[in-house]
Amino acid sequence: MKASVGIGRRLDGFAVYAVIYLGFIYLPVLFLPLFSFNDSIYVAFPLKGFTLQWYEEMANNSGLLDALMNSLKVGATVAVLSTIMGTLAAKAVTRYRMPGRGPVIGFIMVPLVIPEIIMGIALLVLANTGGVSLSLLTIGLGHMLLCVPFSMLVMISRLEGFDKSMEEAARDLGENAWGAFWRVTFPLALPGIVASLLLTFTISLDEFVLAFFLAGTDVTLPLFIWSMLRFPPKLPMVLALGACILLASFIVVTFAEWVRRSGVQVKSASGV
Amino acid sequence: MTDEAIISFSEVSKHFGSVVAVDNVSFEINRGEFFSLLGPSGCGKTTLLRMLAGFESPTSGELFLDGQAMSSMPPNKRPVNMVFQNYAIFPHLDVRGNIAFGMRKSGLSRAELDAKIEEMLELIKLAGFGARGANELSGGQRQRVALARALIKRPKVLLLDEPLGALDKKLREQMQIELRVLQQQVGITFVFVTHDQEEALTLSDRIAVMEKGVVLEIESPTKLYESPRTHFVADFIGTMNFFEGSVREVAAGAVTIDSELLGEVRASGSGPEFTSGSRVVVAIRPEKIQLSFEAPENVANVVEGRMGPSAYLGDRSHFYVYLPQREDPVSVALQNLERVKDQDRRSDQAVWLNWSEDSVVLLAPK
């Protein structure tokens with residue numbers, strides 16, 4: 001009896017901690033939707049009244065819509081390309097004996113730890129000396145540099161999660177390397193591929209520093225938002241935009257989690 | 001290459017960096033036989049199997065399948081199929097999908113393929129399990145699906161990489177029998193890799209014993225057990241008592257040996273040819289030794305010792321008998337043909353061991 005009371009108390013302690021923890025993470029974010037419906041250009045309490053004005057303004061701002069489209073274009077392209085590259089690289093390092101495997105992985109992972117501002121300057125210098133004009137393309141290439149290592153990390157952990165004899169079995173049963181990939185590796189790696197697509201898309205979507213250095217005349221969403229901050233009357237519109245992005249993220253993450261859970265339980269399958 | 005050989009290894013070596021996994025191996029496997037590669041882990045048996053499957057290629061030498069050189073042929077083109085150690089059942093497919101996996105390019109109609117799958121399910125005694133998910137199968141069922149998936153391709157040779165290792169003892173013994181029956185039913189050559197000598201003895205027509213990348217002996221189970229030609233094989237397969245000695249006399253069909261521990265040992269002429277004066281190892285199986293509590297008369301080979309610990313195993317008993325001047329006890333196995341009473345197994349009493357001339361195996365010293 002006593003013991004169970006003790007456990008109950010401790011659980012209560014943890015529960016309080018958990019609530020504080022969640023509050024710390026989510027309260028600041030929740031200010032976005034809250035103030036996006038507030039009928040005032042000043043982001044301050046007390047709240048004035050309910051309005052959809054900022055959403056309307058957002059929907060009618062062509063600069064914002066252009067930036068959003070640019071970001072989606074860059075994000076989607078970067079996500080697909082870096083996931084393809086990350087998957088193939090992960091397959092290479094997990095499935096084949098090759099000389100210099102360690103250093104190769106190390107070099108591919110380096111962009112994860114180089115400060116973005118350094119990389120941004122380096123890429124800008126490179127683009128200038130190479131005579132490449134800045135555009136969405138340069139932003140995309142910069143984002144690839146960031147996203148490939150992330151994709152590779154996700155895919156390596158996924159590919160190491162199932163036995164390579166699965167692929168050998170496919171080869172043994174008559175498939176060439178390509179067939180074995182499509183009929184076995186790909187379906188088994190699918191949850192990882194979805195995770196990689198979402199992760200890299202998100203990274204590209206909210207990346208600011210590289211985009212700042214590498215942007216030409218077309219801007220991405222983070223650059224647009226940053227430029228809006230100089231005009232206080234525009235701030236509520238940015239909040240409305242933020243609320244929309246938040247909602248979209250929520251939907252996407254829920255979807256990703258659903259895919260992950262409905263994915264094949266490879267771990268339990270390979271254990272006998 | 002003889003007519004009945006289906007697989008032929010010709011001076012095959014495989015190096016992984018500085019490690020020599022397979023060292024200049026040449027032998028043949030006959031059509032329709034159940035052939036086992038037996039040896040401790042790291043002896044190169046799995047590497048040989050993977051070379052047959054096409055997952056490794058020899059560093060030097062060539063292997064032939066039905067007369068055709070295999071080295072440059074990718075795994076998907078070879079007329080062999082493999083049952084993997086952990087079965088490698090595709091978790092995203094059901095039983096039917098797993099069995100049908102290799103039949104994509106078979107050119108069979110849907111109905112023909114369905115009939116074939118039903119036939120395979122029947123063969124592996126899993127009729128009605130076609131729609132089961134891969135994750136809903138037990139270890140034994142997974143093994144059967146892996147077998148069916150390979151056999152439906154009608155390979156010339158089926159490769160099995162320790163397929164029973166993951167099963168518990170009872171199931172393993174049951175699967176051994178089923179495997180043997182299945183092999184006779186389908187008439188396909190089986191190449192079976194195992195480190196379990198009992199399993200190899202039970203299943204095989206012939207066994208290749210490997211150590212450190214070299215094939216030591218290729219023989220039938222009986223020959224390997226009863227007349228091993230190398231110290232390693234004698235030691236690795238079953239239990240063996242070893243004694244050193246030197247040849248005193250070689251007569252027609254009989255050898256007399258002076259052993260430091262056993263005294264005079266007489267052996268019928270099995271083993272390599274020895275000349276008088278040469279050192280030999282006398283090897284005797286535990287179950288070939290008679291144990292008595294009084295000095296036996298009129299026997300060829302006898303030695304007195306003291307009873308050490310014993311182990312009662314139900315159908316048989318193991319005794320360990322100490323000889324003077326020898327630290328390791330002699331191992332003796334007796335069938336418990338009559339009801340055993342506890343007083344029979346008192347330790348420390350004097351016992352006499354004797355064995356027939358015919359049961360002695362003579363080996364070259366290590």
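The axes of helix H3 (residues 62–95) and helix H8 (residues 177–206), both of chain A, approach within 8 Å and cross at roughly 140°. Axes are lines fitted to C-alpha atoms, for helices over the stretch in contact, and angles run from 0 to 180 degrees between N-to-C directions. Because angles under 35 degrees count as roughly parallel, over 145 as roughly antiparallel, 65 to 115 as roughly perpendicular and the rest as oblique, H3(A) and H8(A) are oblique to each other. Helices (H or I, at least four residues) and strands (E, at least two) are DSSP runs, numbered from the N terminus.

This is a predicted model, in which local features need pLDDT of at least 70 and side-chain atom pairs count only at pLDDT 80 or more, whereas totals for chains, interfaces and linings use all residues. Residues are numbered from 1 along each chain as its sequence is written, and chains are lettered from A and ligands numbered from 1 in the order in which they are written.

H3(A) contributes to the helix contact with residues including Ser71(A), Gly75(A), Ala79(A) and Gly86(A), and H8(A) with residues including Ala189(A), Ile193(A), Leu197(A) and Phe201(A). Two residues are in contact if their C-beta atoms, placed from the backbone, lie within 7 Å.

Between the chains, 21 residues of chain A are in contact with 22 residues of chain B. Helix H7 (165–172), H8 and helix H12 (266–270) of chain A each give two or more residues to the chain A side, and H7(A) gives the most, with 6 residues.

The composition of the two contact regions is tabulated below.

Chain B has 8 helices and 20 strands, and its C-alpha atoms fill a box of roughly 75 × 50 × 35 Å, taken along the principal axes.

In chain B, 5 strands form an open antiparallel sheet in the order S15-S19-S16-S17-S18. Two strands pair if DSSP finds at least two bridges between them. The edge strands, each pairing on one side only, are S15 (290–292) and S18 (330–335) of chain B. Within this sheet, neighbouring strands are turned by 45° against each other on average, direction ignored. Strands S16 (residues 301–312) and S17 (residues 316–322) of chain B pair in the antiparallel sense over 5 bridges; Tyr312(B) has Ser317(B) in S17(B) as its bridge partner.
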